[in-house]
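Colleague: I am new to this one. Please show me how to read a few of its features.

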Amino acid sequence: MGTAVMTTTHVGTLIEQARMAADLSQRALADATGLSQSTLSRIISGDRVAKLPEIVSIAWATGRTVAQLTGTSTVAGRVQCAARATNGSGMQDMREALLRFLELDDYLDEQAIAASV
């Protein structure tokens with residue numbers, strides 16, 4: 001994923017920050033992602049490397065992108081958003097939602113999983 005170095009401790013810190021920002025307990029995040037609480041705890045502490053599917057689950061559960069949880073970007077650096085917000089919707093929220101979909105699409109492409117038609 002990208003060219004930046006992704007350390008286990010750094011990813012754990014970013015995941016913990018996302019968990020707290022989403023106002024989720026470790027148990028609630030574990031339940032939302034299907035991970036055991038002990039596995040999640042080891043990922044957060046840096047004792048275990050998070051697998052990409054786990055990071056994708058954590059990203060969805062916390063409202064973050066994979067790039068935000070890993071400190072790297074497979075998509076965000078290549079994307080330019082041009083849109084107009086209406087009805088009081090915020091551009092940042094729209095951009096983050098778009099990036100989540102693009103990160104997922106990029107991940108599925110990397111796994112050779114074709115989009116269903």
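Colleague: Is Trp60 buried, partly exposed or exposed, and at what relative accessibility?

Modeller: Keep in mind that this is a predicted model. Buried means under 20% relative accessible area, and exposed means over 50%. Trp60 has 39% relative accessibility, so Trp60 counts as partly exposed. Phe101 has 54%, so Phe101 counts as exposed.

Colleague: Which aromatic pair do Trp60 and Phe101 form?

Modeller: Start with the general idea. A pair of aromatic rings is described by the distance of the centres and the angle of the planes. The structure holds one aromatic pair. Here Trp60 and Phe101 lie 5.7 Å centre to centre, with 65° between the planes. That pair is edge-to-face.

Colleague: Where in the chain do the two partners sit?

Modeller: Trp60 is in helix 4, and Phe101 is in helix 6 (residues 91-110). They are 41 residues apart, so the pair links distant parts of the chain.

Colleague: Now helix 2. Which of its residues are buried?

Modeller: In general, an α-helix has 3.6 residues a turn, so residues three or four places apart point the same way. In helix 2 (residues 26-33), the buried residues are Gln26, Leu29, Ala30 and Thr33. They cover an arc of only 100° around the axis, which puts them on the same side of helix 2.

Colleague: What do these buried residues pack against?

Modeller: The buried residues of helix 2 pack against helix 1 (8-21), helix 3 (37-45) and helix 4 (52-62).

Colleague: Which exposed residues does the face turned away carry?

Modeller: That face of helix 2 carries Asp31 and Ala32.

Colleague: What follows helix 2?

Modeller: Gly34 does, and its phi is positive, near 85°.

Key
Residues numbered from 1 in each chain as written. Predicted model: local features only at pLDDT ≥ 70, side-chain atom pairs only at ≥ 80, totals over all residues. Heavy atoms only, no water. Buried < 20%, exposed > 50% of the residue type's maximum accessible area, 1.4 Å probe, protein only. Helix = DSSP H or I, 4+ residues; strand = E, 2+ residues; numbered from the N terminus. Arc of directions from axis to C-beta. Contact = heavy atoms within 4.5 Å. Phe/Tyr/Trp six-rings, centres within 6.5 Å; stacked < 30°, edge-to-face > 60°.
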